[in-house]
Amino acid sequence: SLTDHSDTTYASADLSIVSFGTTKGEVFAGTTGETTIQVTVPGHQATVPVEVELFEPKALSMLKLGCHGRKVQLWGDRVVVACGNKGLRTVDIAIPNEPAIQGTFTDQSIQDVLVMQDMLWAASDDLLRFDLSNDLAPEVSVSLPLGGPVQALDESPSGLVACQSTGALVIVDALAPTPVIESTTSTGLGGCVDLSADGSRVAI
């Protein structure tokens with residue numbers, strides 16, 4: 001990723017090899033090859049060489065969770081897995097070739113998980129925040145009713161964005177000492193499977 005300073009502009013000599021995202025400064029690889037990016041700021045230009053190589057990902061290991069994993073979130077040396085009606089699993093991946101189930105929570109159904117500034121949130125009948133100080137037994141530290149079952153979560157500049165099974169969008173100030181609902185918007189879609197937030201935009 002390059003700088004997102006407002007005075008900086010970028011140009012790719014070959015967009016099929018390297019292109020740019022909607023967030024200024026993000027660079028995305030395309031086909032294999034070599035090209036350049038021209039970076040311009042007031043009074044100065046620089047040319048950056050870029051080489052793209054393709055590779056084939058290889059699985060390092062496998063682990064049976066005892067559930068159908070719906071959503072996953074990487075968190076340091078952990079992977080957190082939402083397991084639907086079988087709750088939540090935390091997996092220790094400090095040794096990538098030897099993953100191990102670290103903690104299990106089965107008290108409530110978990111549809112999605114999200115890490116925000118070292119806090120774990122989960123989509124359930126309410127919006128849940130977990131305390132993982134006891135690695136073996138994750139505990140709910142905050143349960144915030146949003147007016148309906150929560151289906152999916154993401155992070156935006158406005159806060160945590162939650163999508164209810166009814167299709168309603170709820171923005172929560174999740175970083176406040178006591179999390180609070182900031183707004184609720186009906187999308188009129190009648191349902192929600194997943195969502196993705198990017199700046200001021202949300203796709204459902």
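**Strands, contacts and cores**

Author: Strand β4 and strand β5 (residues 44–52) pair in the antiparallel sense over nine bridges. The model is a predicted one, in which local features need pLDDT of at least 70 and side-chain atom pairs count only at pLDDT 80 or more, while totals for chains, interfaces and linings use all residues. Residues are numbered from 1 along each chain as its sequence is written, and side-chain values use heavy atoms, with hydrogens and water left out.

Reader: With which strand does β1 pair, and over how many bridges?

Author: Strand β1 (residues 9–12) pairs with β4 (residues 33–41) in the antiparallel sense, over four bridges. T40 in β4 is the bridge partner of T9.

Reader: Why are β10 and β13 said to stand at the edges?

Author: The open sheet has four strands in the order β10-β11-β12-β13, with antiparallel pairing. β10 and β13 each have a single partner strand, so one side of each is left without a neighbour in the sheet. For β13, the pairing with strand β12 (residues 127–131) runs over five bridges, and E139 in β13 is the bridge partner of D131.

Reader: Why is S143 called partly exposed?

Author: Buried means under 20% relative accessible area and exposed over 50%, with partly exposed in between (1.4 Å probe, protein chains only). S143 has 41% relative accessibility, and therefore counts as partly exposed. S143 lies in strand β13 (residues 139–144).

Reader: How do you know that the side chains of S143 and D126 make a polar contact?

Author: The term requires a pair of N or O atoms within 3.5 Å; within protein, one must be able to donate a hydrogen and the other to accept it, and residues adjacent in sequence count only if both atoms are side-chain atoms. The side chains of S143 and D126 make such a contact at 3.1 Å.

Reader: Which residues have the most contacts inside the largest nonpolar core?

Author: A nonpolar core is a set of buried Ala, Val, Leu, Ile, Met, Phe, Trp, Tyr and Cys residues joined through side-chain atoms within 4.5 Å. The largest has 14 residues, and those with the most contacts inside it are W121, L127, L146, L153, L160 and V172.

Methods
Helices (H or I, at least four residues) and strands (E, at least two) are DSSP runs, numbered from the N terminus. Two strands pair if DSSP finds at least two bridges between them.
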